[in-house]
Amino acid sequence: MWVYAFFQSIQSLIEPYSLFYWSSYAFLATSLFAARLGKRFYPGYINDLVAATGNYWLGAIYYSLLIWAGTDTLHILTSFIFPEAQIIKYPSFYWGFVILSFVSLLLLYGTWNARHPLIVHYDITIKKSST
């Protein structure tokens with residue numbers, strides 16, 4: 001229910017540009033599938049770009065679903081623990097903005113760690129048995 005409210009708030013912001021919204025959404029939703037099928041048709045650079053777009057989109061969707069599920073679970077638990085908290089409206093636009101920002105930061109952090117790996121060298125000596 002809150003995921004629907006989040007997407008409705010985003011859509012209401014983009015309502016004058018709904019054709020752009022839905023065409024970009026369709027591109028993101030089909031980019032990973034198109035990259036996997038289009039290895040024969042697309043040149044290497046375009047295929048890599050479309051595959052990276054699809055992978056980021058898939059990661060963003062997974063992170064969003066996990067964070068929304070956690071947020072909704074906390075909201076349900078707090079409404080059982082504190083029944084008077086049900087009077088307070090659940091601001092879906094603000095929560096959506098916070099979660100979207102958090103997902104963006106997670107994707108940036110993951111990209112940074114993937115591009116700058118930490119390499120640690122260990123010196124290991126193994127004793128051999130004299131048989």
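Buried residues make up 19% of the 131 residues in the chain; buried means under 20% relative accessible area, exposed over 50% and partly exposed in between, with a 1.4 Å probe and protein chains only. This is a predicted model: local features need pLDDT of at least 70, side-chain atom pairs count only at pLDDT 80 or more, and totals for chains, interfaces and linings use all residues. Residues are numbered from 1 along each chain as its sequence is written, and side-chain values use heavy atoms, with hydrogens and water left out.

**Overall fold**

- The chain has four helices and zero strands. Helices (H or I, at least four residues) and strands (E, at least two) are DSSP runs, numbered from the N terminus.
- The order of elements from the N terminus is α-α-α-α.
- Of the contacts with a separation of 6 or more, 60% join residues 24 or more positions apart. Contact means heavy atoms within 4.5 Å.

- Buried residues of α3 include Asn47, Gly54, Gly59, Asp72 and Ser79.
- The largest nonpolar core has six residues: Ala60, Ile67, Trp68, Ile99, Val103 and Leu107. Both α3 and α4 supply at least two residues each to this core. Such a core is a set of buried Ala, Val, Leu, Ile, Met, Phe, Trp, Tyr and Cys residues joined through side-chain atoms within 4.5 Å.
- Beyond its neighbours within four places in sequence, Val103 contacts Ala60, Tyr63, Ser64 and Ile67.

**Ala35 in α2**

- Ala35 lies in helix α2, residues 18-37.
- Ala35 is buried because its relative accessible area is 1%.
- Neighbours within four places aside, Ala35 contacts Asn47, Val50 and Ala51.
- The C-alpha atoms of Ala35 and Asp48 are separated by 7.7 Å, with the two residues 13 apart along the chain.

**Phe82**

- Phe82 is found in the loop between α3 (44-81) and α4 (92-115).
- Phe82 counts as partly exposed because its relative accessibility is 45%.
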